[in-house]
Amino acid sequence: MTTDPSKVVRHRLPTEAEWEYAARRGNKGNGYKYAGSNNVDDVAWYKGNSGSKTHEVGTKAPNELGLYDMSGNVWECCSDWYGWILQFSTDESLQQ
């Protein structure tokens, strides 16, 4: 186990485009408002129903690709999107 991304082998975070494709159900989307349902409570843990804690993956319904928690539970991390980090970082080298 490591927290150093340079030492991770055979695994990586998705790009933002890959994450969006998966969250929007790829080419199998049924046009739902949320990933897998029009009812957010069916597919997502969020402020209104989570009790302010994370939950085990897979306790809500999956989307059409069989992926769980694409509309909630935790922050989505992507390998090529740094907007939030840059916006709040005090490290000037990241803001260039």
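Where is the place of Leu-67 in the chain? Leu-67 sits in the loop between α2 and α3. The model is predicted. Its secondary structure amounts to 3 helices and 0 strands, and the order along the sequence is α-α-α.

**Chain overview**

- The chain has 96 residues, of which 21% are buried.
- Of the contacts between residues at least 6 apart in sequence, 50% link residues at least 24 apart.

**Nonpolar core and surface patch**

- In soluble globular proteins, nonpolar side chains tend to be buried together.
- The largest nonpolar core here consists of 6 residues: Trp-19, Ala-22, Ala-23, Ala-35, Met-70 and Cys-78.
- Ala-35, one of the core residues, is in contact with Ala-23, Arg-25, Val-43, Pro-62, Asn-63, Met-70 and Ser-71, when neighbours within four places in sequence are set aside.
- Tyr-21, Leu-65 and Leu-67 form a nonpolar surface patch of about 270 Å².
- Leu-67 counts as partly exposed because its relative accessibility of 33% falls between the 20% limit for buried and the 50% limit for exposed.

- With a relative accessible area of 8%, Ser-37 is buried, since buried means under 20%.
- The Ser-37 side chain comes to 2.9 Å from the backbone nitrogen of Asn-39.
- Beyond its neighbours within four places in sequence, Ser-37 is in contact with Tyr-32, Asp-42 and Val-43.

- Ser-50 is buried, at a relative accessible area of 9%.
- The side chain of Ser-50 reaches the backbone nitrogen of Ser-52 at 3.2 Å.
- Residues up to four places away in sequence not counted, Ser-50 touches Trp-45 and His-55.
- Ser-50 and Gly-72 are 22 residues apart along the chain, and their C-alpha atoms are separated by 9.7 Å.
- Ser-52 counts as exposed, because its relative accessibility is 72% and the exposed class starts over 50%.
- Ser-52 is not a glycine, yet its phi is positive, at about 60°.

- Glu-56 and Asp-69 are separated by 13 residues in sequence and by 9.5 Å in space, C-alpha to C-alpha.
- Glu-56 is exposed, with a relative accessible area of 63%, whereas Asp-69 is buried at 12% relative accessibility.
- Asp-69 has a positive phi near 60°, although the residue is other than glycine.

Notes: Residues are numbered from 1 along each chain as its sequence is written. This is a predicted model: local features need pLDDT of at least 70, side-chain atom pairs count only at pLDDT 80 or more; totals for chains, interfaces and linings use all residues. Side-chain values use heavy atoms; hydrogens and water are left out. Buried means under 20% relative accessible area, exposed over 50%, partly exposed in between (1.4 Å probe, protein chains only). A polar contact is a pair of N or O atoms within 3.5 Å; within protein, one must be able to donate a hydrogen and the other to accept it, and residues adjacent in sequence count only if both atoms are side-chain atoms. Contact means heavy atoms within 4.5 Å. A nonpolar core is a set of buried Ala, Val, Leu, Ile, Met, Phe, Trp, Tyr and Cys residues joined through side-chain atoms within 4.5 Å. Patches are made of residues with over 30% relative accessible area and no salt bridge: like charges are joined within 9 Å, nonpolar side chains (Val, Leu, Ile, Met, Phe, Trp, Tyr) within 5 Å. Accessible areas come from the Shrake-Rupley method with a 1.4 Å probe; for residues, only the protein chains shown count as cover. A salt bridge is a side-chain nitrogen of Lys or Arg within 4 Å of a carboxyl oxygen of Asp or Glu. Helices (H or I, at least four residues) and strands (E, at least two) are DSSP runs, numbered from the N terminus.
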